[in-house]
Amino acid sequence: MARFETALRMMLKSLTMLSLAAITHAAFAQESSVKIGFAGPLTGPSASYGKDLEMGARLAIDEANAANIMIHGKRLQLTLDSQDDQADPKMAVQAAQRLIDSNVVAVVGHFNSGTTLAASSVYDRSGMVQIVPSSSNPTITHQGFKLLFRPYGTDNTVAEAAAKLSVQTLHAKRIAIIDDRTAYGAGLADEFDAAVKAQGGQVIAREFTSDQATDFKAVLTHIIGQQADLVFVACLGAEGALIVKQARQLDYRGALVAGATYANKNFLSRAGNAAEGMYAFEQGAILDQLPQGKVFLASFRAKYGADPIGFAPFAYNDIWVIVNAMKAANSTDPKAFAPAISTLSFQGVFGTVEFNQFGDLKNPKTTLFKVEQGSWAPVKS
(Lines give C-alpha, C1' and ligand atoms only; values in the text may rest on other atoms or scores of the structure.)
Protein backbone atom coordinates (compact mmCIF):
# COMPACT_ATOMS: atom_id res chain seq x y z
CA MET A 1 0.00 0.00 0.00
CA ALA A 2 2.80 2.38 0.95
CA ARG A 3 4.56 1.63 -2.33
CA PHE A 4 1.35 2.35 -4.25
CA GLU A 5 0.82 5.70 -2.47
CA THR A 6 4.43 6.68 -3.11
CA ALA A 7 4.13 5.80 -6.80
CA LEU A 8 0.85 7.71 -7.03
CA ARG A 9 2.41 10.82 -5.45
CA MET A 10 5.34 10.66 -7.86
CA MET A 11 3.02 10.29 -10.83
CA LEU A 12 0.89 13.27 -9.70
CA LYS A 13 4.01 15.36 -9.17
CA SER A 14 5.24 14.49 -12.66
CA LEU A 15 1.88 15.38 -14.17
CA THR A 16 1.84 18.71 -12.29
CA MET A 17 5.33 19.56 -13.52
CA LEU A 18 4.37 18.64 -17.07
CA SER A 19 1.24 20.80 -16.81
CA LEU A 20 3.21 23.76 -15.48
CA ALA A 21 5.77 23.34 -18.24
CA ALA A 22 3.01 23.24 -20.82
CA ILE A 23 1.41 26.38 -19.37
CA THR A 24 4.77 28.17 -19.26
CA HIS A 25 5.55 27.13 -22.83
CA ALA A 26 2.14 28.35 -23.95
CA ALA A 27 2.65 31.68 -22.21
CA PHE A 28 6.00 32.20 -23.92
CA ALA A 29 4.50 31.14 -27.21
CA GLN A 30 1.94 33.91 -26.81
CA GLU A 31 4.55 36.66 -26.51
CA SER A 32 5.24 38.96 -29.45
CA SER A 33 8.87 40.10 -29.26
CA VAL A 34 9.33 43.44 -31.03
CA LYS A 35 12.53 45.46 -31.43
CA ILE A 36 12.51 49.26 -31.63
CA GLY A 37 15.56 51.22 -32.71
CA PHE A 38 17.09 54.26 -31.05
CA ALA A 39 19.76 56.52 -32.56
CA GLY A 40 21.47 59.46 -30.89
CA PRO A 41 24.80 60.70 -29.53
CA LEU A 42 25.91 58.26 -26.83
CA THR A 43 29.52 59.42 -26.97
CA GLY A 44 31.10 62.80 -27.69
CA PRO A 45 30.18 66.36 -26.61
CA SER A 46 26.42 65.78 -26.97
CA ALA A 47 26.40 62.41 -25.20
CA SER A 48 24.51 63.70 -22.16
CA TYR A 49 21.58 64.65 -24.40
CA GLY A 50 21.62 61.33 -26.25
CA LYS A 51 21.78 59.30 -23.05
CA ASP A 52 18.92 61.34 -21.62
CA LEU A 53 16.83 60.47 -24.67
CA GLU A 54 17.76 56.81 -24.43
CA MET A 55 16.79 56.71 -20.74
CA GLY A 56 13.36 58.12 -21.59
CA ALA A 57 12.88 55.50 -24.29
CA ARG A 58 13.89 52.65 -21.97
CA LEU A 59 11.52 53.87 -19.26
CA ALA A 60 8.61 53.79 -21.71
CA ILE A 61 9.60 50.31 -22.89
CA ASP A 62 9.72 49.03 -19.29
CA GLU A 63 6.25 50.44 -18.64
CA ALA A 64 4.82 49.05 -21.87
CA ASN A 65 6.21 45.58 -21.10
CA ALA A 66 4.77 45.70 -17.58
CA ALA A 67 1.33 46.71 -18.89
CA ASN A 68 0.65 43.29 -20.49
CA ILE A 69 -0.51 44.87 -23.73
CA MET A 70 -2.10 42.33 -26.06
CA ILE A 71 -1.58 42.77 -29.80
CA HIS A 72 -3.41 40.29 -32.04
CA GLY A 73 -3.73 37.84 -29.16
CA LYS A 74 -0.09 38.00 -28.05
CA ARG A 75 1.52 39.89 -25.19
CA LEU A 76 3.71 42.72 -26.47
CA GLN A 77 7.35 42.42 -25.36
CA LEU A 78 9.60 45.28 -26.48
CA THR A 79 13.38 45.58 -26.65
CA LEU A 80 15.53 48.59 -27.61
CA ASP A 81 18.42 48.51 -30.09
CA SER A 82 20.54 51.62 -29.40
CA GLN A 83 23.03 53.01 -31.93
CA ASP A 84 25.51 55.83 -31.35
CA ASP A 85 25.62 58.51 -34.06
CA GLN A 86 28.02 60.82 -32.14
CA ALA A 87 25.91 63.80 -33.34
CA ASP A 88 27.71 63.43 -36.68
CA PRO A 89 25.64 63.28 -39.90
CA LYS A 90 27.98 60.70 -41.48
CA MET A 91 27.80 58.47 -38.42
CA ALA A 92 24.03 58.96 -38.36
CA VAL A 93 23.71 57.44 -41.84
CA GLN A 94 25.72 54.40 -40.69
CA ALA A 95 23.66 54.07 -37.49
CA ALA A 96 20.46 54.24 -39.54
CA GLN A 97 21.62 51.45 -41.83
CA ARG A 98 22.59 49.26 -38.86
CA LEU A 99 19.11 49.66 -37.39
CA ILE A 100 17.47 48.82 -40.70
CA ASP A 101 19.67 45.74 -41.05
CA SER A 102 18.75 44.59 -37.53
CA ASN A 103 15.05 44.50 -38.48
CA VAL A 104 13.68 47.02 -36.00
CA VAL A 105 10.03 47.93 -36.59
CA ALA A 106 10.54 51.69 -36.06
CA VAL A 107 13.26 54.13 -35.01
CA VAL A 108 13.30 56.88 -32.39
CA GLY A 109 15.97 59.31 -33.59
CA HIS A 110 17.97 61.40 -34.03
CA PHE A 111 18.93 64.11 -31.53
CA ASN A 112 20.04 67.09 -33.61
CA SER A 113 18.71 68.40 -36.91
CA GLY A 114 21.85 67.69 -38.96
CA THR A 115 21.88 63.99 -38.10
CA THR A 116 18.11 63.68 -38.53
CA LEU A 117 18.21 65.25 -41.98
CA ALA A 118 21.09 63.00 -43.03
CA ALA A 119 19.46 59.78 -41.79
CA SER A 120 15.86 60.51 -42.74
CA SER A 121 16.30 59.71 -46.43
CA VAL A 122 17.91 56.36 -45.50
CA TYR A 123 14.88 55.43 -43.42
CA ASP A 124 12.49 56.66 -46.09
CA ARG A 125 14.09 54.54 -48.83
CA SER A 126 13.81 51.43 -46.66
CA GLY A 127 10.19 52.10 -45.63
CA MET A 128 11.16 52.56 -41.97
CA VAL A 129 8.97 54.47 -39.52
CA GLN A 130 10.97 57.33 -37.96
CA ILE A 131 9.80 59.19 -34.84
CA VAL A 132 11.93 62.32 -34.31
CA PRO A 133 12.44 63.10 -30.60
CA SER A 134 14.23 66.46 -30.50
CA SER A 135 15.28 67.85 -33.90
CA SER A 136 13.58 71.16 -34.59
CA ASN A 137 14.61 72.33 -38.07
CA PRO A 138 11.30 72.93 -39.94
CA THR A 139 12.53 71.37 -43.20
CA ILE A 140 12.72 67.90 -41.62
CA THR A 141 9.00 67.25 -41.98
CA HIS A 142 8.69 69.03 -45.32
CA GLN A 143 10.67 66.46 -47.33
CA GLY A 144 7.57 64.51 -48.29
CA PHE A 145 8.48 61.44 -46.19
CA LYS A 146 5.23 59.72 -45.24
CA LEU A 147 6.67 57.61 -42.39
CA LEU A 148 8.40 60.44 -40.54
CA PHE A 149 6.67 62.00 -37.51
CA ARG A 150 7.86 64.58 -35.00
CA PRO A 151 5.97 64.94 -31.68
CA TYR A 152 8.19 67.92 -30.84
CA GLY A 153 8.07 71.62 -31.61
CA THR A 154 10.01 73.33 -34.39
CA ASP A 155 12.39 76.28 -34.58
CA ASN A 156 9.37 78.42 -35.46
CA THR A 157 7.90 77.73 -32.01
CA VAL A 158 11.00 78.95 -30.18
CA ALA A 159 11.88 81.75 -32.62
CA GLU A 160 8.47 83.41 -32.42
CA ALA A 161 8.43 83.25 -28.62
CA ALA A 162 12.02 84.50 -28.37
CA ALA A 163 11.33 87.39 -30.77
CA LYS A 164 8.28 88.43 -28.76
CA LEU A 165 10.32 88.35 -25.54
CA SER A 166 13.16 90.34 -27.12
CA VAL A 167 11.11 93.05 -28.82
CA GLN A 168 7.94 93.37 -26.73
CA THR A 169 9.05 92.39 -23.22
CA LEU A 170 12.74 93.30 -23.06
CA HIS A 171 12.29 96.20 -25.52
CA ALA A 172 15.60 95.45 -27.26
CA LYS A 173 16.39 98.02 -29.96
CA ARG A 174 19.60 96.56 -31.39
CA ILE A 175 19.60 92.76 -31.64
CA ALA A 176 22.53 90.55 -32.66
CA ILE A 177 22.49 86.85 -33.56
CA ILE A 178 25.24 84.23 -33.29
CA ASP A 179 24.83 80.81 -34.91
CA ASP A 180 27.14 77.87 -35.52
CA ARG A 181 26.08 77.11 -39.13
CA THR A 182 24.71 73.67 -38.22
CA ALA A 183 21.28 72.66 -39.47
CA TYR A 184 19.92 73.43 -36.00
CA GLY A 185 21.80 76.68 -35.36
CA ALA A 186 21.35 78.21 -38.81
CA GLY A 187 17.69 77.18 -38.97
CA LEU A 188 16.90 78.67 -35.57
CA ALA A 189 18.84 81.86 -36.35
CA ASP A 190 17.00 82.35 -39.65
CA GLU A 191 13.62 81.86 -38.01
CA PHE A 192 14.48 84.23 -35.16
CA ASP A 193 15.79 86.87 -37.59
CA ALA A 194 12.53 86.76 -39.55
CA ALA A 195 10.39 86.75 -36.39
CA VAL A 196 12.19 89.79 -34.94
CA LYS A 197 11.61 91.77 -38.13
CA ALA A 198 7.97 90.68 -38.18
CA GLN A 199 7.66 92.06 -34.64
CA GLY A 200 9.10 95.38 -35.81
CA GLY A 201 12.52 94.82 -34.25
CA GLN A 202 15.96 95.45 -35.71
CA VAL A 203 18.74 92.90 -36.23
CA ILE A 204 21.99 94.86 -36.43
CA ALA A 205 24.44 91.93 -36.70
CA ARG A 206 24.52 88.27 -37.83
CA GLU A 207 27.69 86.50 -36.69
CA PHE A 208 28.71 82.98 -37.66
CA THR A 209 30.95 80.45 -35.96
CA SER A 210 31.21 76.63 -35.98
CA ASP A 211 30.19 73.86 -33.62
CA GLN A 212 33.89 73.02 -33.15
CA ALA A 213 34.95 76.52 -32.07
CA THR A 214 35.98 77.39 -28.52
CA ASP A 215 37.06 81.03 -28.89
CA PHE A 216 34.23 83.46 -29.66
CA LYS A 217 35.86 86.70 -28.53
CA ALA A 218 36.29 88.10 -32.05
CA VAL A 219 32.59 87.84 -32.93
CA LEU A 220 31.58 89.05 -29.49
CA THR A 221 33.90 92.05 -29.73
CA HIS A 222 32.29 92.99 -33.04
CA ILE A 223 28.81 92.66 -31.53
CA ILE A 224 29.76 94.82 -28.55
CA GLY A 225 31.20 97.38 -30.96
CA GLN A 226 27.82 97.45 -32.74
CA GLN A 227 26.22 98.36 -29.39
CA ALA A 228 23.86 95.41 -29.40
CA ASP A 229 21.54 95.44 -26.41
CA LEU A 230 20.52 91.77 -26.86
CA VAL A 231 22.34 88.72 -28.24
CA PHE A 232 20.43 85.65 -29.39
CA VAL A 233 22.62 82.52 -29.27
CA ALA A 234 21.63 79.81 -31.78
CA CYS A 235 23.72 76.75 -30.97
CA LEU A 236 23.74 73.89 -28.47
CA GLY A 237 24.25 74.57 -24.78
CA ALA A 238 27.78 73.16 -24.45
CA GLU A 239 29.00 75.65 -27.04
CA GLY A 240 26.67 78.37 -25.79
CA ALA A 241 28.11 78.18 -22.28
CA LEU A 242 31.48 79.32 -23.66
CA ILE A 243 29.83 82.14 -25.60
CA VAL A 244 28.03 83.33 -22.47
CA LYS A 245 31.19 83.17 -20.33
CA GLN A 246 33.29 85.02 -22.88
CA ALA A 247 30.60 87.67 -23.41
CA ARG A 248 30.59 88.51 -19.72
CA GLN A 249 34.40 88.40 -19.60
CA LEU A 250 34.36 91.10 -22.29
CA ASP A 251 31.99 93.07 -20.04
CA TYR A 252 28.97 92.69 -22.29
CA ARG A 253 26.02 93.82 -20.15
CA GLY A 254 23.12 93.37 -22.53
CA ALA A 255 20.52 90.59 -22.51
CA LEU A 256 21.42 87.02 -23.51
CA VAL A 257 18.72 84.75 -24.97
CA ALA A 258 19.02 81.18 -26.27
CA GLY A 259 16.98 78.23 -27.49
CA ALA A 260 16.94 74.59 -26.36
CA THR A 261 19.62 72.57 -24.45
CA TYR A 262 20.36 75.42 -22.01
CA ALA A 263 17.87 75.10 -19.15
CA ASN A 264 19.65 72.34 -17.25
CA LYS A 265 22.34 71.88 -14.60
CA ASN A 266 24.98 70.85 -17.15
CA PHE A 267 24.84 74.26 -18.80
CA LEU A 268 25.01 76.08 -15.47
CA SER A 269 28.07 74.12 -14.38
CA ARG A 270 29.84 75.15 -17.60
CA ALA A 271 28.72 78.79 -17.70
CA GLY A 272 28.96 79.51 -13.98
CA ASN A 273 28.01 82.97 -12.73
CA ALA A 274 28.07 84.34 -16.29
CA ALA A 275 24.66 82.75 -16.89
CA GLU A 276 22.93 84.84 -14.22
CA GLY A 277 19.96 86.71 -15.68
CA MET A 278 19.99 85.07 -19.12
CA TYR A 279 16.92 83.54 -20.79
CA ALA A 280 16.38 80.27 -22.63
CA PHE A 281 13.44 78.53 -24.28
CA GLU A 282 12.84 74.78 -24.10
CA GLN A 283 10.26 72.78 -26.04
CA GLY A 284 7.33 71.51 -24.00
CA ALA A 285 5.58 72.73 -20.86
CA ILE A 286 6.75 72.68 -17.22
CA LEU A 287 6.76 69.02 -16.18
CA ASP A 288 5.98 69.35 -12.50
CA GLN A 289 2.94 71.50 -13.27
CA LEU A 290 1.28 68.81 -15.43
CA PRO A 291 -0.49 65.64 -14.21
CA GLN A 292 1.28 63.37 -16.69
CA GLY A 293 4.52 65.28 -16.17
CA LYS A 294 4.44 64.58 -12.44
CA VAL A 295 3.87 60.87 -13.08
CA PHE A 296 6.74 60.79 -15.57
CA LEU A 297 9.13 62.56 -13.19
CA ALA A 298 8.29 60.18 -10.35
CA SER A 299 8.86 57.14 -12.58
CA PHE A 300 12.10 58.55 -14.03
CA ARG A 301 13.49 59.34 -10.58
CA ALA A 302 12.52 55.90 -9.28
CA LYS A 303 14.33 54.17 -12.16
CA TYR A 304 17.41 56.37 -12.49
CA GLY A 305 17.72 58.23 -9.20
CA ALA A 306 18.00 61.61 -10.90
CA ASP A 307 16.03 64.16 -12.90
CA PRO A 308 16.10 64.14 -16.71
CA ILE A 309 18.18 66.78 -18.48
CA GLY A 310 15.15 67.74 -20.50
CA PHE A 311 14.87 65.46 -23.56
CA ALA A 312 13.90 62.15 -21.94
CA PRO A 313 10.16 63.00 -21.88
CA PHE A 314 10.13 63.39 -25.66
CA ALA A 315 11.72 59.99 -26.33
CA TYR A 316 9.31 58.52 -23.77
CA ASN A 317 6.41 59.99 -25.77
CA ASP A 318 7.93 58.62 -29.00
CA ILE A 319 7.86 55.03 -27.76
CA TRP A 320 4.20 55.46 -26.83
CA VAL A 321 3.48 56.81 -30.32
CA ILE A 322 4.72 53.48 -31.68
CA VAL A 323 2.94 51.38 -29.03
CA ASN A 324 -0.36 53.22 -29.40
CA ALA A 325 -0.18 52.84 -33.18
CA MET A 326 0.31 49.07 -32.73
CA LYS A 327 -2.67 48.97 -30.41
CA ALA A 328 -4.83 50.95 -32.86
CA ALA A 329 -3.88 48.64 -35.73
CA ASN A 330 -3.83 45.50 -33.55
CA SER A 331 -0.58 44.62 -35.26
CA THR A 332 3.19 44.87 -34.78
CA ASP A 333 3.73 44.90 -38.54
CA PRO A 334 4.97 48.38 -39.58
CA LYS A 335 2.95 48.18 -42.78
CA ALA A 336 -0.18 47.86 -40.64
CA PHE A 337 0.57 50.24 -37.74
CA ALA A 338 2.37 53.03 -39.66
CA PRO A 339 -0.86 54.40 -41.20
CA ALA A 340 -2.43 54.58 -37.73
CA ILE A 341 0.17 57.08 -36.47
CA SER A 342 -1.27 60.05 -38.34
CA THR A 343 -4.68 59.53 -36.71
CA LEU A 344 -3.45 59.05 -33.12
CA SER A 345 -4.68 61.18 -30.25
CA PHE A 346 -3.44 60.31 -26.77
CA GLN A 347 -2.23 61.98 -23.59
CA GLY A 348 1.55 62.25 -23.53
CA VAL A 349 3.82 63.77 -20.91
CA PHE A 350 3.13 67.35 -22.05
CA GLY A 351 -0.49 66.94 -23.09
CA THR A 352 -2.31 65.67 -26.16
CA VAL A 353 -0.19 64.09 -28.88
CA GLU A 354 -1.69 64.61 -32.33
CA PHE A 355 -0.09 65.23 -35.71
CA ASN A 356 -0.77 67.74 -38.47
CA GLN A 357 -0.59 67.08 -42.20
CA PHE A 358 3.22 67.28 -42.18
CA GLY A 359 3.67 64.85 -39.30
CA ASP A 360 4.49 67.63 -36.83
CA LEU A 361 2.98 67.95 -33.39
CA LYS A 362 -0.24 69.95 -33.24
CA ASN A 363 -0.22 72.83 -30.76
CA PRO A 364 3.41 72.51 -29.58
CA LYS A 365 4.35 74.25 -26.34
CA THR A 366 7.53 76.07 -25.35
CA THR A 367 8.64 77.28 -21.92
CA LEU A 368 10.69 80.35 -21.05
CA PHE A 369 13.32 79.96 -18.32
CA LYS A 370 15.54 82.53 -16.60
CA VAL A 371 18.65 82.03 -14.47
CA GLU A 372 17.94 83.44 -11.02
CA GLN A 373 20.41 83.03 -8.15
CA GLY A 374 22.28 80.31 -9.98
CA SER A 375 19.28 78.18 -10.95
CA TRP A 376 16.92 77.96 -13.91
CA ALA A 377 13.48 79.23 -12.96
CA PRO A 378 10.48 78.72 -15.26
CA VAL A 379 8.89 82.03 -16.23
CA LYS A 380 5.96 80.87 -18.36
CA SER A 381 4.85 78.32 -20.94
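Predicted model: local features only at pLDDT ≥ 70, side-chain atom pairs only at ≥ 80, totals over all residues.
You'll find Asp 251 in the loop that links helix H8 (237-249) and strand S10 (255-258). Its phi is near 65 degrees, which is a positive value in a residue other than glycine.

## How H3 packs against H4

How do H3 and H4 cross? The axes of helix H3 (residues 89-101) and helix H4 (residues 113-126) come within 8 Å, at a crossing angle of roughly 30 degrees. Angles under 35 degrees count as roughly parallel, so H3 is roughly parallel to H4. As for its hand, the crossing of H3 and H4 is right-handed.

If you want to display the contact, pick Pro 89, Ala 92, Val 93, Ala 96, Gln 97, Leu 99 and Ile 100 on the H3 side. Their partners in H4 are Gly 114, Thr 115, Ala 118, Ala 119, Val 122, Tyr 123 and Ser 126. Sorted by class, that contact has ten nonpolar and four polar residues, with no charged ones.

## The largest cavity

Rolling a probe the size of a water molecule over the atoms shows where empty space is left. In this structure there are three cavities of 30 Å³ or more, and the largest has a volume of about 150 Å³.

Which residues lie nearest the centre of the largest cavity? They are Pro 151, Phe 350, Leu 361, Pro 364 and Lys 365, out of 16 lining residues. Helix H11 (312-329) and strand S13 (351-353) each supply at least two residues of this lining, and S13 has the largest share, with three. The lining of the largest cavity splits into seven nonpolar, seven polar and two charged residues.

## The second largest cavity

Next comes the second largest cavity, at about 120 Å³. It has 17 lining residues, and those nearest its centre are Ser 134, Ser 136, Tyr 152, Tyr 184 and Ala 260. The elements giving two or more residues to this lining are helix H5 (155-169) and helix H6 (183-198).

By class, the lining of the second largest cavity comes out as eight nonpolar, eight polar and one charged.

Notes:
Residues numbered from 1 in each chain as written. Heavy atoms only, no water. Axes fitted to C-alpha atoms, helices over the stretch in contact; angles between N-to-C directions. Helix = DSSP H or I, 4+ residues; strand = E, 2+ residues; numbered from the N terminus. Parallel < 35°, antiparallel > 145°, perpendicular 65-115°, else oblique. Left-handed = near helix turned anticlockwise from the far one by under 90°. Contact = heavy atoms within 4.5 Å. Nonpolar A, V, L, I, M, F, W, Y, C, P; charged D, E, K, R; others polar. 1 Å grid on protein atoms, 1.4 Å probe; cavity = no way out; pocket = protein on both sides within 12 Å on 5 of 7 lines; lining within 4 Å. Points joined across faces, edges and corners; volume = space filled by probe spheres on them.
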